[in-house]
Amino acid sequence: MAFRAIAGPMPRDASVLLMGGRIFTASRHRPWVRALAVRGDRLVAAGSEAQAERWAGRATRRIDLRGHVVVPGFIDAHTHMCDAAAELRWVPLAGTRDLAEAVDRLKAAAAARPSGAWVLGTGWDEAKWPERRYPTREDLDRASSDHPVVARRVDSHLASVNSAALGRAEHLIELRGFETDTAGRPTGILKEDAFASFAKQYGTGEDGVERGLPAVARQAHRLGITSIHDIVDHAGWRAYQRARRAGRLRLRVYAMPRDALLPGLVASGAMTGLGDDWLRLGAIKIFSDGSLGAYTAALGDDYAGRPGDRGLLVHSPAELRQILRTAQGAGFQTATHALGDEAIRQVVAALEDVLQSGPRKGARHRIEHYELPDEDVLRRTKAAGLVVCAQPNFVGQWSGPGDVYETRLGPARATRNNPYRRILRRGIPLAFGSDGMPYGPLYGIHSAVNGYFEDQRISAEDAVRAYTAGGAFASFQEAAKGTLEAGKLADFVVLEGDPFADPARIGRCRVASTWISSNPLRAHET
């Protein structure tokens with residue numbers, strides 16, 4: 001489908017009428033309509049074809065949807081697109097069949113670069129390799145001995161480095177996550193604190209991030225993503241502001257600064273909500289634990305096959321409360337990464353305490369990932385008015401037999417991961433994001449509807465709502481977007497295939513066209 005904007009409508013006339021489709025508004029009040037009328041950057045009608053026709057004028061263009069399904073623009077509520085913009089020249093390791101293929105890709109990249117230049121790879125997942133182990137220093141030394149080589153795991157909580165890179169990391173040996181073998185020799189595996197500190201040596205500045213933003217926006221358009229909640233560092237936040245000032249943003253961004261930026265933001269007087277429909281300052285992103293893939297998610301019981309290992313908590317309970325209290329006191333929403341059951345319990349308890357001294361309603365503090373909540377935690381999450389931002393693509397990626405959830409948690413605990421059905425039954429606000437593993441709302445929606453376990457499975461309607469209306473609510477923007485209703489932004493997606501008629505085949509649906517409103521209206525074709 002080719003959708004194009006026209007210029008010069010009369011003040012009351014619609015720019016475009018879209019009719020003859022199956023339009024899922026995601027509204028609880030009126031979930032399905034037949035037609036949309038768009039004027040400028042807003043919907044002026046969402047209803048019957050007769051209602052849309054009332055806005056027609058001589059300059060109005062009519063588009064026959066020919067039965068295609070239309071949904072609100074997808075809101076990916078947990079992304080790292082600034083990071084992706086900075087990493088466009090990195091070596092992609094996702095989809096490698098085995099460790100040898102990953103090493104070969106890094107070796108080829110090293111051969112094309114001057115001696116001493118960094119070779120950076122990202123996206124490997126040992127759970128998909130027959131070796132089922134992390135790369136070590138010795139493995140990456142086969143890629144190069146003349147270049148520092150870094151290969152980051154798909155979850156970004158762990159990286160493997162070669163000997164040349166380890167030579168630049170010796171000062172980090174006392175940090176948590178710097179792995180050594182039984183003889184005290186560095187293995188080349190860096191996790192959490194050690195990796196985060198090491199990564200500062202090769203970070204891309206704001207100029208590089210800004211240059212990469214158009215490419216990641218095009219990728220998002222192809223997937224039907226119109227808005228993102230993006231986790232940013234100082235360079236990313238500056239790059240977004242520069243792009244917005246220059247009129248070059250092509251995605252609506254709810255920027256979520258890492259907690260290291262909190263003191264400066266507090267001193268500036270900024271708070272959540274500052275900005276406009278294209279760029280808005282969002283929640284403060286806080287870590288409470290790590291990842292299952294890196295064995296650093298904080299669990300209440302031991303990891304399967306690893307007696308005494310229950311992962312780690314990034315902050316003590318007192319430290320976590322202080323960060324949350326500072327953020328809330330300055331007018332910030334918070335978005336706290338809590339993946340394991342122990343981390344979730346700690347975060348819920350901390351937020352309960354913080355909310356006692358502040359606004360108990362309306363704060364919309366978020367918990368990101370929320371993979372292993374128990375019934376008590378679900379009840380308390382609802383009572384505290386918290387919002388859950390989950391990643392259903394993780395179900396598709398790692399919930400299968402013998403995959404990450406089963407190998408880390410064991411078969412019994414693995415059945416309890418990502419319980420979207422129980423979350424919704426409790427009435428907890430649910431937003432979906434991807435964490436970039438991988439991007440793709442339709443893949444995530446398919447995984448949430450067709451999960452491996454009963455508690456993972458929800459209806460197609462609820463899954464689409466979590467990827468649209470849920471993200472709008474999680475960012476205080478439900479009055480402007482997330483559903484297709486008169487007065488809201490004209491952000492929507494036209495699909496090839498019907499995810500509602502045949503839920504088992506959602507993964508085969510494709511995006512025909514992604515519309516992101518502007519003034520004048522623009523259609524971003526995919």
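Modeller: The largest nonpolar core has 83 residues, and those with the most contacts inside it are Val71, Met81, Tyr240, Tyr370, Tyr420 and Phe432. A nonpolar core here is a set of buried Ala, Val, Leu, Ile, Met, Phe, Trp, Tyr and Cys residues joined through side-chain atoms within 4.5 Å, where buried means under 20% relative accessible area with a 1.4 Å probe, protein chains only. Helix 11 (residues 341-356) gives this core its largest share, 8 residues. A second, separate core of 35 residues includes Leu93, Trp129, Val154 and Leu339.

This is a predicted model, in which local features need pLDDT of at least 70 and side-chain atom pairs count only at pLDDT 80 or more, whereas totals for chains, interfaces and linings use all residues. Residues are numbered from 1 along each chain as its sequence is written, and side-chain values use heavy atoms, with hydrogens and water left out.

Leaving aside neighbours within four places in sequence, phenylalanine 432 is in contact (heavy atoms within 4.5 Å) with Ile75, Asp76, Ala77, Ala390, Pro392, Tyr420, Ala448, Ile458, Ala463, Ala466 and Tyr467. Isoleucine 75, one of these partners, stands opposite serine 227 in strand 13. Helices (H or I, at least four residues) and strands (E, at least two) are DSSP runs numbered from the N terminus, and two strands pair if DSSP finds at least two bridges between them. Strand 6 and strand 13 (residues 225-232) are joined in the parallel sense over 4 bridges.

Both strands belong to an open sheet of 4 strands in the order 6-13-14-15, with parallel pairing. Strand 6 (74-79) and strand 15 (279-281) are the edge strands, each pairing on one side only. On average, neighbouring strands of this sheet are turned by 20 degrees against each other, direction ignored.

The axes of helix 7 (residues 206-222) and helix 8 (residues 234-245) come within 8 Å and cross at roughly 55 degrees; axes are lines fitted to C-alpha atoms over the stretch in contact, and angles run from 0 to 180 degrees between N-to-C directions. The two helices, helix 7 and helix 8, are therefore oblique to each other, a class left once angles under 35 degrees (roughly parallel), over 145 (roughly antiparallel) and 65 to 115 (roughly perpendicular) are set aside.

Notes
Buried < 20%, exposed > 50% of the residue type's maximum accessible area, 1.4 Å probe, protein only.
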